[in-house]
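Notebook open, viewer open. I want to go through this one piece by piece and jot down what I look up.

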Amino acid sequence: MMIKPGGYGESVCSSRSILRIRSLTCAIFSSYQALQSTEIVTMNNNMDSVAQIKFKNIPFYEVIDEVIKPTLLIGTDRCTLQDVSRGMKEATFKFIMSVEHANLVAGNRYYSYGKYEYPYQFQIRICQLIEPVPNESPDDMPLSLLIRVNMQKCPLPPTATPINCTEKVKLSPIVANNIAIHWTPDRKKYVFAMFLVKKITVDTLLKKLQDKDGISSEDTKNDIGNPQLDSDDDEPPTKRNKQEK
């Protein structure tokens, strides 16, 4: 028995095809949902870890305020730089400083030897996101790191230390500052933050040590420059010297 085109046999084949397509579509959608859920969980875990980041304290600098909270560096492939290497990422940030911050930085700067000196500075800090998160995270630099503040290239230190970008920042509470960070991915995760800090002089640091330990600044200076101090001794050298006098 022959079945005419458009008859019952063709209708059955068409129904089966539709069922297969629906089944395949459901499988693809379920896989996509599972992948999306995994990405969301991973991202949430990363955000929780980033919130625990505490940058390592740096001598001679006191943190006054947090300008941009620690943020996971997630770059895009669209790079605004010209002639960049293939695969370089770019992440952008924007902030408007408060009136207090603007007055503090601008009001305390002074002109010396042909340039401004800033006792109060804006520092960019970058560290690796390591899990479990350590008590203090040291500074680190991604590969091919380049930072622009308001379209101006920010000088980088020779080693992984805080990056002073004060001279590139607009000291105004009504103008936005734009930061662009460029780097080459190296399978590591990095965290970015910005702080307002105060530069501490040697005399100020000595006075703090003196107030803390109850010793004279001369004792502290002698201890700092004494090569015969025994590092294995559990007793602090400043207190030992004081007891010997």
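**Entry 1: a strand residue and its surroundings**

Leaving aside neighbours within four places in sequence, which residues is Gln 121 in contact with? Before answering, a reminder to myself that this is a predicted model. I get Tyr 61, Asn 164, Thr 166, Phe 195, Leu 196, Val 197 and Lys 199. Gln 121 sits in strand 5. I also looked up its accessibility: the relative accessible area is 6%, so Gln 121 goes down as buried. Its side chain has a polar atom 3.3 Å from the backbone oxygen of Tyr 118.

Four strands make an open sheet, ordered 1-10-5-8, with antiparallel pairing. Its edges are strand 1 and strand 8 (163-164), each of which pairs on one side only. I then checked how strand 1 is joined to strand 10: they run antiparallel, with eight bridges between them. For a landmark I noted Thr 71, which stands opposite Phe 192 in strand 10. Helix 2 packs on this sheet and touches strand 1, strand 5 and strand 10. The direction of helix 2 makes about 115 degrees with that of strand 5.

**Entry 2: the helix on the sheet**

Which residues of helix 2 are buried? Helix 2 covers residues 99-108, and I find His 101, Ala 102 and Val 105 buried there. They span an arc of only 100 degrees around the axis, which means they lie on the same side of helix 2. The buried residues pack against strand 1 (61-72), strand 5 (120-128) and strand 10 (190-199). On the face turned away from the buried side I wrote down the exposed residues Glu 100, Asn 103 and Gly 107.

**Entry 3: salt bridges**

How many salt bridges does a search of the whole structure find? The search gives three. The background is simple: side chains of opposite charge can pair when their charged atoms come close.

- Glu 66 and Lys 69 meet through their side chains at 3.2 Å, N to O. Glu 66 is partly exposed at 33% relative accessible area, and Lys 69 is exposed at 58%.
- Lys 89 bridges to Asp 77, with the closest N and O atoms 2.5 Å apart. This pair links distant parts of the chain: Lys 89 is in strand 2 (residues 89-95), Asp 77 is in the loop between strand 1 and strand 2, and they are twelve residues apart. Asp 77 is exposed, with a relative accessible area of 58%.
- Asp 139 and Arg 125 meet at 2.5 Å, N to O. Asp 139 is in the loop between strand 5 and strand 6 (143-149) and Arg 125 is in strand 5, so the pair ties together parts 14 residues apart in sequence.

The cut-off I'm using for buried is under 20% relative accessible area.

**Entry 4: the loop residue Asp 140**

I stayed in the loop between strand 5 and strand 6, where Asp 140 lies. Asp 140 counts as partly exposed, with 22% relative accessibility. Its side chain makes a polar contact with the side chain of Gln 128, at 2.9 Å. Setting aside neighbours within four places in sequence, I list Ile 126, Cys 127, Gln 128, Ala 160 and Tyr 190 as its contacts. I also took a C-alpha to C-alpha distance: Asp 140 and Thr 161 are 7.3 Å apart in space and 21 residues apart in sequence.

**Entry 5: strand 9**

Last stop, strand 9 (residues 177-184). Why do I call strand 9 largely enclosed by the rest of the structure? Because seven of its eight residues are buried.

Note on methods. Residues numbered from 1 in each chain as written. Predicted model: local features only at pLDDT ≥ 70, side-chain atom pairs only at ≥ 80, totals over all residues. Heavy atoms only, no water. Buried < 20%, exposed > 50% of the residue type's maximum accessible area, 1.4 Å probe, protein only. Helix = DSSP H or I, 4+ residues; strand = E, 2+ residues; numbered from the N terminus. Arc of directions from axis to C-beta. Contact = heavy atoms within 4.5 Å. Pairing = 2+ DSSP bridges. Axes fitted to C-alpha atoms, helices over the stretch in contact; angles between N-to-C directions. Salt bridge = Lys/Arg side-chain N within 4 Å of Asp/Glu carboxyl O. Polar contact = N/O pair within 3.5 Å; in protein donor to acceptor, adjacent residues only side chain to side chain.
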